[in-house]
Amino acid sequence: MTLIALMSVGVISLVVWLIVLFLSVTEGIEKTWLHKLTSLNAPLRLTPTQNYYSSYYYLADSISDSSHYTARSLHDKLLGPTDPHNQETDEAIPTYWSPPEKNADGSLRDPVKIAASILSDLKKETEGLAYQDFEMSGGMLKLELVRPAVGGGETHSFLTQASYFASFADASPYMKELISPPSMKDLNHLFFLCAPEAKNFQKKASDLLSQVEIKTLKTNGIWRVPLALLPENTPIPATAHAKGIILTGSEGTLKRVGSNLFWNDKISTLPIYLDKEISFDAKLVKSSLESAQKQADLRFHVQGTTGNTLLKGEIAWQGVEIADANIQTIFSHQPHTTPFWVYGIGQKLVLPTFSSQEKGIMLSKQFQDNGVRIGDRGYLAYPAATAGALQEQRLSVFVAGFYDPGVLTIGNKCVLAPANVVHLINTTSQVEHFDKTSREGFAVWMKEIKQAPEIAKKLQARLKSAGIDHYWKITTYKEYDFAKDLLQQFQSDRYLFTLIGLVILLVACSNIISFLVILVNDKKQEIGILQAIGASRKSIALIFGGLGAALGVLSSAVGVAAALLTLKNLDKLVQFLSFLQGHDAFNAAFFGSSLPQELSFQALLFVLVVTPILSLIAGLIPAWKACRLSPSAILRSE
Amino acid sequence: MILYTNSLKKREFDKKGPQNFCSERATIVNRQGASENENSEAAELRKRSSGPFSREAGEQSELARRDPTQSKTDSASCLCINAKNISKSFKSPTATTILKNISLEVQAGETVAIMGKSGEGKTTLLHILGTLEPATEGTLEICGLTATSSNWNYLRNQKIGFIFQAFNLLEDYTVLENVLMPAKIANQDAHERALELLQEVGLSHRKDFPAKLLSGGEKQRAAIARAFLNDPALILADEPSGNLDHANSTIIYNLLLGAAQKRGKALIVVTHDSELAALCQKTYSLMDGELR
């Protein structure tokens with residue numbers, strides 16, 4: 001009987017464990033995806049309506065000299081005058097324009113500055129709220145990829161992609177976590193890019209090395225061992241190659257005796273290479289930097305081992321690459337030399353710019369996976385009208401970093417560029433890449449994205465009381481076109497999983513019926529005796545019904561505790577699953593670097609309410625059977 | 001497996017009858033006078049009974065005071081059991097009438113033996129009288145209360161004490177727990193009383209033993225203590241010595257008759273043993289479904 005009871009508890013606990021674990025992980029994944037989705041795009045957006053674009057306030061720039069007869073972005077509107085039009089020098093206001101909306105004091109109403117002021121007030125009232133104006137445009141991204149060629153020299157290839165250009169949101173509190181730090185491949189590439197320009201190499205390398213501390217070097221493929229690095233009279237395994245024919249090596253041992261190299265105890269006449277990857281702790285010899293003209297002129301003190309043999313000495317930067325380095329990405333003030341990568345000054349993120357001619361851009365990390373590196377140069381191209389015809393205009397850019405686009409459908413095509421670049425393209429391009437009402441606005445971030453609807457409501461009320469609500473449209477992440485389908489899918493999945501969970505739980509709880517029916521049969525005599533001495537049918541029924549519910553509560557507790565334990569050690573479980581499958585059990589592109597480990601409150605509530613109720617219902621069937629037993633029949637049969 | 005029922009019963013008993021009459025009993029009996037309302041024998045027995053063991057007169061009066069429609073007159077309340085025209089038939093496997101128009105009145109303090117051959121329906125009659133089984137026809141009054149399915153539990157717990165041939169103790173419980181079970185169901189504290197009863201049946205030294213470790217005679221003595229715990233007016237015993245040797249049977253009978261007479265309880269015993277039946281004040285024989 002105890003065994004059957006334990007089995008019932010075990011089965012229900014297992015189902016509870018599965019439900020809590022599954023729903024917690026899926027809810028965590030949903031949260032992660034939503035977070036990524038809204039980190040880049042902000043969970044709330046305030047965009048100008050068509051009323052704004054047909055208002056005197058917006059159109060006045062196009063006939064005003066002080067605005068260079070060009071529509072101004074929200075950013076410019078925030079910084080510039082409310083009414084740029086000079087009635088004396090600028091052309092007359094067309095009569096078909098809507099009349100200017102004025103304040104009580106007769107001045108022109110400024111919907112941008114008022115909206116920014118409302119947002120500023122909200123920021124003061126709401127902890128963790130941040131906002132920034134944004135702008136979007138489109139065009140072609142063209143990159144020239146310069147790479148070292150096998151056997152020396154370099155190769156050039158080109159990458160072209162139609163892209164969206166979005167202004168870099170340096171005020172976003174979440175941008176920092178979306179940015180991938182420069183990789184060692186990026187660093188090696190940056191040092192490679194310094195090399196072709198010999199006259200500037202020393203300066204460029206110094207600038208880079210002022211922000212990068214190289215800690216480890218590793219051999220890259222086969223490596224010609226510097227004589228000085230070999231210990232005296234100690235044989236080490238190596239491969240001998242005929243010069244230039246690296247694939248025809250022969251295995252043997254290498255030994256240095258004085259200034260002579262011995263290959264299998266004979267003085268070597270061929271260059272000797274180690275083909276095993278060796279990592280060295282490395283420290284730059286600073287004096288080598290002063291006169292360096294090329295990468296190979298830089299020297300390092302290194303120390304490493306091959307097999308059990310210690311290799312120690314000084315080597316040139318040739319045939320080795322950076323394996324580990326400290327990269328400075330956060331500065332307390334503007335650095336003396338601008339890094340090639342996105343960096344922070346305090347909490348503020350900065351997209352590097354080397355001159356007005358060359359600006360840093362950020363690409364999605366898929367570009368990085370496909371071989372694009374920090375430092376690659378190129379341009380943003382877009383069609384613009386010139387005096388004669390429509391021509392392609394180019395703005396020079398270089399890759400300054402990579403970001404995680406999350407599950408954003410256009411993520412791979414979205415280039416983050418300085419706001420002024422995006423605005424320039426918007427005002428000069430002859431192609432409308434976006435509907436006006438969605439190409440610019442204010443992005444609003446908050447601590448928890450669930451706050452978005454509530455903040456939207458507050459914002460709407462304040463815009464209304466300021467009399468500018470007809471100029472603005474508030475959109476939360478739930479209404480974003482690119483997110484709507486995903487959110488609906490998440491919701492459907494959640495309902496489906498809950499329904500499946502309910503059915504499994506129902507099947508598991510039916511075990512209680514079997515257990516209690518057996519128990520009732522086993523305890524017939526006791527039931528009869530209790531009835532004979534006055535126990536009512538109701539109280540007999542309550543015993544078995546209560547026992548069913550108690551089993552449910554106990555199983556829920558055990559299952560939830562097991563789920564908590566599993567969530568805590570989820571990484572180990574994933575590792576085990578990956579080991580069994582022979583590949584990553586969960587693709588990082590979809591599930592993040594590790595699965596969410598947070599317990600879902602909804603899942604917890606679901607099992608803690610549903611399981612005891614189902615168990616109680618399951619207990620009522622045997623309870624009914626128990627209370628229908630006739631004491632006379634039982635006692636007579638004993 | 002432990003079954004708890006005591007807390008579930010309290011409200012039911014609160015509705016149906018008073019929980020503690022001991023303090024009221026003396027007042028009521030003194031006011032109404034035992035000799036005025038009860039037969040002399042029962043009154044005499046009650047006078048002899050001691051402590052908290054006899055409370056039925058007070059209880060019945062209290063019931064009458066609270067719900068006069070459920071109670072008979074005081075003279076009728078002397079009748080511990082009043083069965084009229086009890087019949088019992090079974091439809092399957094073949095239509096059989098096992099009891100035919102049986103009427104039986106047993107007064108407080110009266111001891112009655114029912115004899116008969118096996119299969120005559122003695123146990124069925126006892127179960128009907130003990131509300132363990134409904135009669136096909138007829139009416140049953142216990143201590144002035146008409147037995148209906150709604151008050152069976154109350155009657156079994158408060159008015160009737162059962163003693164079975166097979167003892168029917170809860171084997172995994174201790175002797176004391178078994179004896180206390182009727183009080184637990186009624187949500188009453190009767191620990192002291194249980195100890196006194198165990199002392200009386202000579203089982204004090206076994207009170208903490210699981211019932212399954214007792215001998216047959218000890219088990220039946222424990223069952224007698226349990227039957228008397230809630231101070232019922234009526235004791236029903238079904239072949240109480242059926243599973244015992246002669247020596248133990250005699251002990252059990254003496255104990256049972258002595259306890260019933262000492263406390264003025266009505267006792268109905270179903271037995272085969274004419275020698276033991278002779279110890280009872282009245283002896284009936286059940287034959288062909290009729291009580292003679």
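In strand E18 of chain A, A:Lys348 is the bridge partner of A:Ile345. This is a predicted model, in which local features need pLDDT of at least 70, side-chain atom pairs count only at pLDDT 80 or more, and totals for chains, interfaces and linings use all residues. Residues are numbered from 1 along each chain as its sequence is written, while chains are lettered from A and ligands numbered from 1 in the order in which they are written.

Strand E17 (residues 343–345) of chain A pairs with E18(A) in the antiparallel sense, over three bridges. Two strands count as paired if DSSP finds at least two bridges between them. Helices (H or I, at least four residues) and strands (E, at least two) are DSSP runs, numbered from the N terminus. The open sheet has three strands in the order E16-E17-E18 (chain A), and its pairing is mixed. Its edge strands, E16 (330–331) and E18 (348–350) of chain A, each pair on one side only. Strands of a sheet pair through backbone hydrogen bonds, either parallel or antiparallel.

Helix H1 of chain A covers residues 2–41. Just after H1(A), A:Ala42 takes a positive phi of about 70°.

H1(A) packs with two helices of chain A, H14 (residues 481–522) and H19 (residues 601–627). Axes are lines fitted to C-alpha atoms, for helices over the stretch in contact, and angles run from 0 to 180 degrees between N-to-C directions.

| Helix pair | Axis distance | Angle |
|---|---|---|
| H1(A) and H14(A) | within 9 Å | roughly 175° |
| H1(A) and H19(A) | 8 Å | about 155° |

The angle makes H1(A) roughly antiparallel (over 145 degrees) to H14(A). H1(A) is also roughly antiparallel to H19(A). The contact of H1(A) with H19(A) includes A:Ile12, A:Val16 and A:Glu27 of H1(A), and A:Leu604 and A:Val607 of H19(A). Residues are in contact if their C-beta atoms, placed from the backbone, lie within 7 Å.

Between the chains, 23 residues of chain B are in contact with 18 residues of chain A. On the chain B side, helices H1 (6–16), H6 (122–129), H7 (152–159) and H8 (175–185) of chain B each give two or more residues.

Notes: The expected span of a helix is 1.5 Å times one less than its number of residues. Two residues are in contact if their C-beta atoms, placed from the backbone, lie within 7 Å. Angles under 35 degrees count as roughly parallel, over 145 as roughly antiparallel, 65 to 115 as roughly perpendicular and the rest as oblique.
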